[in-house]
Amino acid sequence: MAKNYFLFRRLHSLSGIIPVGVFCIVHLFTNFQIMIQQIPFVKDLFNEADIFQHEVDFIHSLPALLFIEIGLWSAIGFHALLGIAYTMQWKNNTTHYQYTNNKRYALQRITGIIALIFIFVHVATLRWRWNLGFLNTPFYAHGPDGTPLVTASTAYALQASWFMSFFYLIGALSVVYHWSNGLWTAAITWGVTITPAAQKRWNMVCTALGVALAIFTVGAVIGANTYQIKPHEMKALQAMMAGAEH
């Protein structure tokens, strides 16, 4: 790694920006639909359709989904392993040098660790369907009878406890900060923004993207907590969870 330091640095930034970053934008915007679909005029426009369920079904219907997941996990794994290596070499100097860039450097490492833990738990409970009872995460796409339950199960999980909402809020916001700040530093790494003026302009763009993704994140958590689970959805959820226990 020492011999090919600059190459690894560029590959590290690239792996976090393109596959992971693009997926992050799409994923957070999709989750934001939980809140958007509850706005009255939006419900009327789409005839009260479950927009979030529709978007998730579309993603699962993609013919190349398996290859997309393999590519995405490869990029995340590569980025995470290098990130851990860099973090282990990190020396926090914010107590001695109170500069903005030093604080951003520290936050980049901290949010990276939080994001890694969050992504693992999120995927383990949603994709691998691990039963982490202490988090209460019944994230399943359909009930025992095939009833679509993406919106209802998401709402049920986040409404179960304040800790669940807090965990997802902090975890997702850490991902947002890590990506948007990493996007700013990547431009420096690749020699795109060399001058202070160029870095300042690019910083404004990255900040705007970060704020937009943060709005999507907060909106999704609010939407999940305000969603009114319908009686038939609750019945299907309870039957699904009872079946999972046995």
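## Buried histidines

A residue counts as buried when its relative accessible area is under 20%. His79 has a relative accessible area of 17%, so this histidine is buried. Please keep in mind that the model is a predicted one.

His79 sits in helix α5, which covers residues 65-88. Setting aside neighbours within four places in sequence, His79 is in contact with His12, Ser15, Gly16 and His178.

## The chain as a whole

Stepping back, what is the chain built from? It has ten helices and zero strands. Written out along the sequence, the pattern is α-α-α-α-α-α-α-α-α-α.

The chain has 246 residues, and 39% of them count as buried. Its accessible surface comes to about 14600 Å², with 70% of that belonging to carbon and sulfur atoms. Among contacts with a separation of 6 or more, 69% join residues 24 or more positions apart.

Helix α8 spans residues 162-189 and holds Trp179. This tryptophan is buried, with a relative accessible area of 10%. Not counting residues up to four places away in sequence, Trp179 touches Gly16, Ile17, Gly21, Ile25, Leu209 and Leu213. Trp179 and Ile17 are 162 residues apart along the chain, yet their C-alpha atoms are separated by 7.1 Å.

Trp184 is found in helix α8 too. Its relative accessible area is 8%, and it is buried. Trp184 touches Asn101, Arg104, Gln199, Trp202, Asn203 and Cys206, with residues up to four places away in sequence not counted. From C-alpha to C-alpha, Trp184 and Thr207 are 8.8 Å apart in space, and they are 23 residues apart in sequence.

## Cysteines

Cys206, one of the residues that Trp184 touches, counts as buried at 4% relative accessibility. Cys24 is buried too, with a relative accessible area of 8%.

How many disulfides does the model have? A disulfide needs a pair of cysteine sulfur atoms within 2.5 Å, and by that rule the count comes to zero.

## Where α4 crosses α7

Two packed helices are described by the angle between their axes and the distance between the axes. Here the pair is helix α4, residues 51-60, and helix α7, residues 150-159. Their axes come within 8 Å and cross at roughly 110°. Angles of 65 to 115 degrees count as roughly perpendicular, which means that α4 is roughly perpendicular to α7.

Which residues make the contact? On the α4 side they are Phe52, Gln53 and Val56, and on the α7 side they are Val150, Thr151 and Thr154. By type, the residues of this contact divide into three nonpolar, three polar and no charged.

Technical notes
Residues are numbered from 1 along each chain as its sequence is written. This is a predicted model: local features need pLDDT of at least 70, side-chain atom pairs count only at pLDDT 80 or more; totals for chains, interfaces and linings use all residues. Side-chain values use heavy atoms; hydrogens and water are left out. Buried means under 20% relative accessible area, exposed over 50%, partly exposed in between (1.4 Å probe, protein chains only). Axes are lines fitted to C-alpha atoms, for helices over the stretch in contact, and angles run from 0 to 180 degrees between N-to-C directions. Helices (H or I, at least four residues) and strands (E, at least two) are DSSP runs, numbered from the N terminus. Angles under 35 degrees count as roughly parallel, over 145 as roughly antiparallel, 65 to 115 as roughly perpendicular and the rest as oblique. Contact means heavy atoms within 4.5 Å. Ala, Val, Leu, Ile, Met, Phe, Trp, Tyr, Cys and Pro count as nonpolar, Asp, Glu, Lys and Arg as charged, and the others, Gly among them, as polar. Accessible areas come from the Shrake-Rupley method with a 1.4 Å probe; for residues, only the protein chains shown count as cover.
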